[in-house]
Amino acid sequence: MIPKDSISGFISRRGKAIAHTAMTTASAHAAILAVIALLCPINNKVYAQSKLFAIQKDSVAFFQGLQVSVDIAGPVARTVSDYGEYEAALKANLHNQYFPVVEIGLGSAEHDDIVTGNYYKTSAPFFRIGCDINLSKKKHTPNFVYAGLRYAFTSYKVDMWREPSPDPVWGNEATFLVDGEKCSQHWAEIVIGLKAKLFGPLHAGWNVRYKRRLSHKDCSAGKTWYVPGYGKYGDTRIGANFNIIIDI
């Protein structure tokens, strides 16, 4: 026969089991606390670094002012050739990164072709609208390279005529006359340029423009020799500007 346990023996064994379980639980808790203590410095370090990075934000204001510029290459071209433009631009500086721009100007031409005897004259305003983007890694410097896009439009009138000349086939004098006929053109531009500080608020800028005609309306006599703001007639044109810029 298996002897029955007494109540005192049962209580004694139960107490020992509870004590053993408590000691085991306490050891586990101590181990967990030790791991947490080891990890806390790492967590605190990571938290401090994240706070440090959070403090180092760009404090430069979003709106940095306006820029007014005038092109001096166009008037020089108009002086030494049969056509050219006078133009100015107004840019908004957004965080030294984005530059919405409006450009307005006056293009004119007077061309007398001594070979064909054709005479061409026009003078009209044009405008462009678009945006430039600062391509430099460091945005908040006075000197940087930029690229941009433009949409441009002009509506202009032309005077064209040809001096009377004998027709080689029919023998009669061939001539034509266009007096103030209205034409128009839409085009797009890709711009790449550089802005460099001279002193104070004064800067200089250079840019190159690739121009692509979108749509156009010519006169009844055919192609117009020059389009204000665009240049000489064609599907594409390459142009350039040299600007004097003032930050305001």
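Cys183 counts as buried, at 1% relative accessibility. The model is predicted.

**Cysteines**

- Cys183 has its closest cysteine sulfur in Cys219, 4.8 Å away. A disulfide needs the two sulfur atoms within 2.5 Å, so this pair is too far apart for a bond.
- Cys131 is partly exposed, with a relative accessible area of 31%. Cys183, at 1%, is buried.
- A disulfide is a covalent bond between the sulfur atoms of two cysteines.

**Nonpolar core**

- The largest nonpolar core has 15 residues. Tyr120, Tyr156, Val158, Met160 and Cys219 touch the most other members.
- Two or more residues each come from β4 (118-134), β5 (144-162), β8 (177-199) and β10 (226-227).
- β5 gives the largest share of this core, four residues.
- In soluble globular proteins, nonpolar side chains tend to be buried together.

**Contacts of Tyr156**

- Which residues does Tyr156 contact, leaving aside its neighbours within four places in sequence? Among them are Tyr120, Thr122 and Ala124.
- Glu181, Lys182, Cys183 and Ser184 are also in contact with Tyr156.
- Further contacts of Tyr156 are Thr224, Tyr226, Val227 and Pro228.
- Tyr156 thus joins two topics: it is in contact with the buried Cys183, and it is one of the core residues that touch the most other members.

**Strand pairings**

- β8 and β9 run antiparallel and are joined by 15 bridges. Ser184 stands opposite Lys217 in β9.
- β9 (residues 202-217) pairs with β12 over 11 bridges, again antiparallel. The bridge partner of Arg212 is Thr236 in β12.
- β1 (residues 63-71) and β12 (residues 236-247) are antiparallel too, with five bridges between them. Asp71 stands opposite Asn243 in β12.
- In a regular strand the side chains alternate between the two faces of the sheet.

Note on methods. Residues numbered from 1 in each chain as written. Predicted model: local features only at pLDDT ≥ 70, side-chain atom pairs only at ≥ 80, totals over all residues. Heavy atoms only, no water. Core = buried A, V, L, I, M, F, W, Y, C linked by side-chain atoms within 4.5 Å. Buried < 20%, exposed > 50% of the residue type's maximum accessible area, 1.4 Å probe, protein only. Contact = heavy atoms within 4.5 Å. Pairing = 2+ DSSP bridges.
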